[in-house]
Each structure stands twice: as C-alpha cells, then as structure tokens.
Amino acid sequence: MDLFNEGTDWAKALKPLIAKYKDEKHPLDYQNLYQLLVMVVLSAQDSDAHINKIAPKLFAEFPDMKALAKADEDSLLPFVEEVRFHGNKMKWLLEIAGIVKEDKNIPVTMKELTALKGIGRKSANVIMREAEVKAEGIMVDLHVVRVAPRLGIAKSDKADKIEKEMMEVLPQSMWSEVGMAISFLGRDICRPTNPKHEECMLSKVCEYCKKTKGDC
C-alpha cells in the first residue's frame with residue numbers, strides 16, 4: 001500500500017464528502033456553546049447518546065456557565081454520576097466554570113481552549129467548528145482514527161499524528177469540516193466491521209477497499 005495514497009488529490013477527492021455532511025449537526029444535542037463545551041468534556045470515553053440522555057436535567061439545574069460556577073461537587077454529582085469517569089470530569093467542569101465565569105467568555109481559539117482542563121485538540125476542534133470560527137486543526141475522533149488510515153490519507157494510528165498528516169495534505173479551508181465529514185462516514189458507512197464499500201463515495205480512492213475487495 002502506498003503511504004498516503006500518494007497519487008490522490010485529497011482536497012478534490014474529499015469535496016463531495018464534505019458537501020454531503022457540511023450542514024450535519026454534531027451528534028451531541030446541544031443548544032448553545034456552553035452546553036456543547038460541557039457535553040464535550042462529559043462525552044470523553046462515553047457515548048454521545050448517553051450524554052444526550054443525561055443533559056436535559058443537568059442543564060435545567062445549571063443553565064449557563066454562571067450557574068455552573070456557583071456549583072460544587074455535591075450539587076453537581078447527582079446529574080453526572082452515571083457518566084464514565086465522572087469524578088475527574090466534575091473537577092474539570094468546575095475549574096472551567098471558575099475560570100470562564102460567563103457564557104460570553106467561552107474561548108474559541110485552540111490555545112485558550114486546550115488550556116482548560118478536560119479539553120484536548122479533538123474537543124477544541126469540535127467547539128471551534130460549531131462556533132464557526134477559523135479552524136486551527138482537524139477534528140480526529142475514534143471514527144477518523146479508523147477511517148483516515150483506511151482511506152490512505154494518513155498512515156498513523158494515533159489521533160495527534162493523523163491530524164498533522166491530514167493538515168499537511170489538505171488546505172486550511174477544509175479543516176473545519178473534513179474531520180466531522182469523515183467521522184460521519186465512519187458512523188454511517190465505514191463501520192469497524194463489514195464497511196459498506198458499495199455505498200461509499202470514496203471507494204475509488206480508498207486503499208482499504210482496494211486491498212480487501214480489489215475491484216473498487
């Protein structure tokens with residue numbers, strides 16, 4: 001297999017995929033940037049569906065950053081105790097709320113977001129995409145970690161290295177949308193087992209399809 005599928009113009013190849021998913025909202029069912037930030041922190045190593053389920057009661061009690069900043073672990077625990085690793089996540093959220101204080105102060109730059117506890121590059125890229133600010137990176141979640149190497153646009157199996165590899169071969173104008181588009185492809189079509197090659201618009205440029213089917 002050629003590393004990076006070297007003959008492929010990835011910017012051109014991925015345009016139809018981005019067009020398909022461009023207006024697709026993130027699977028976390030948030031209503032504003034405050035809710036998204038909280039849900040992104042809570043969703044690490046948990047499922048989006050589970051966080052969507054517990055979110056309404058959480059936000060009814062803590063409707064904004066100002067309310068969360070007044071909370072403590074005892075008052076927050078009943079609303080997040082079902083979340084995986086909720087102990088650390090509670091501490092992170094309370095620290096974030098203490099720093100940010102109000103919704104209007106929520107940062108939307110990579111440097112400021114990743115300075116907050118519980119927010120890495122993946123989460124920051126999600127928040128920046130939904131805030132519709134200029135991308136400073138590409139969102140790489142577990143679906144992108146699986147799909148990008150399959151396609152041949154990246155060779156690593158590590159999120160940070162995959163992000164860097166993709167940033168090197170794609171123009172910055174595509175960064176904001178391409179991560180989520182590949183993630184949705186991974187959720188819908190390029191599943192861990194039995195990927196639906198016949199339904200995939202990228203099958204003609206996909207190294208994994210060529211390797212496993214041979215007639216893509």
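**Note on the predicted model: salt bridges, helix packing, cysteines and loops**

1. Asp48, Asp141 and Arg187 are joined in a network of salt bridges. The model is a predicted one, and a search of the whole structure gives 8 salt bridges. Side chains of opposite charge can pair when their charged atoms come close.

2. The pairing links distant parts of the chain: Arg187 belongs to helix α11, Asp141 to the loop between α8 and α9 (142-151), and 46 residues separate them. Arg187 is partly exposed, at 26% relative accessible area, whereas Asp141 is buried, at 9%.

3. Arg129 takes part in a salt bridge with Glu130, at 2.6 Å from N to O. Glu130 and Arg129 are both buried. Arg129 also meets the side chain of Glu177 in a salt bridge, at 2.9 Å from N to O. Because Glu177 lies in helix α11 (residues 172-188) and Arg129 in helix α8 (residues 121-130), this pair ties together parts that are 48 residues apart in sequence. Glu177, like Arg129, is buried.

4. Helix α11 therefore holds a partner in two of the pairs described here: Glu177, which pairs with Arg129 of α8, and Arg187, which pairs with Asp141 of the loop between α8 and α9.

5. Two packed helices are described by the angle between their axes and the distance between the axes. For helix α3 (residues 48-61) and helix α5 (residues 73-80), the axes come within 9 Å and cross at roughly 155 degrees. α3 is therefore roughly antiparallel to α5, since angles over 145 degrees count that way. On the α3 side the contact is made by Ile54, Lys57, Leu58 and Glu61, and on the α5 side by Leu76, Phe79 and Val80. Sorted by type, the residues of this contact are 5 nonpolar, no polar and 2 charged.

6. An α-helix has 3.6 residues a turn, so residues three or four places apart point the same way. The α3 residues of the contact, Ile54, Lys57, Leu58 and Glu61, can be read with that spacing in mind.

7. How many disulfides does a search of the whole structure find? The count is 0. The sulfur of Cys190 has its closest cysteine sulfur in Cys206, at 6.2 Å, which is too far for a bond. Cys206 is likewise in no disulfide, and its nearest cysteine sulfur, that of Cys209, is 5.6 Å away.

8. Helix α9 is mostly covered, with 8 of its 10 residues buried. The buried residues are His143, Val144, Arg146, Val147, Ala148, Pro149, Arg150 and Leu151. Their cover includes α1 (10-21), α10 (159-169), α11 and α12 (207-212).

9. Ser156 sits in the loop between α9 and α10 and is buried, at 11% relative accessibility. Leaving aside residues up to four places away in sequence, Ser156 touches Pro149, Lys161, Ile162 and Glu165. Of these, Pro149 is one of the buried residues of α9. The C-alpha atoms of Ser156 and Gln45 are separated by 21 Å, the two residues being 111 apart along the chain.

10. Which backbone angles deserve a look on the screen? Phe85 has a phi near 55 degrees, a positive value in a residue other than glycine. Phe85 lies in the loop between α5 and α6 (86-100) and is partly exposed, at 44% relative accessible area. Glu132 has a phi near 60 degrees, again positive in a residue other than glycine. Glu132 is placed in the loop between α8 and α9 and is exposed, with a relative accessible area of 73%.

Terms used
Residues numbered from 1 in each chain as written. Predicted model: local features only at pLDDT ≥ 70, side-chain atom pairs only at ≥ 80, totals over all residues. Heavy atoms only, no water. Salt bridge = Lys/Arg side-chain N within 4 Å of Asp/Glu carboxyl O. Buried < 20%, exposed > 50% of the residue type's maximum accessible area, 1.4 Å probe, protein only. Helix = DSSP H or I, 4+ residues; strand = E, 2+ residues; numbered from the N terminus. Axes fitted to C-alpha atoms, helices over the stretch in contact; angles between N-to-C directions. Parallel < 35°, antiparallel > 145°, perpendicular 65-115°, else oblique. Contact = heavy atoms within 4.5 Å. Nonpolar A, V, L, I, M, F, W, Y, C, P; charged D, E, K, R; others polar. Disulfide = S-S within 2.5 Å.
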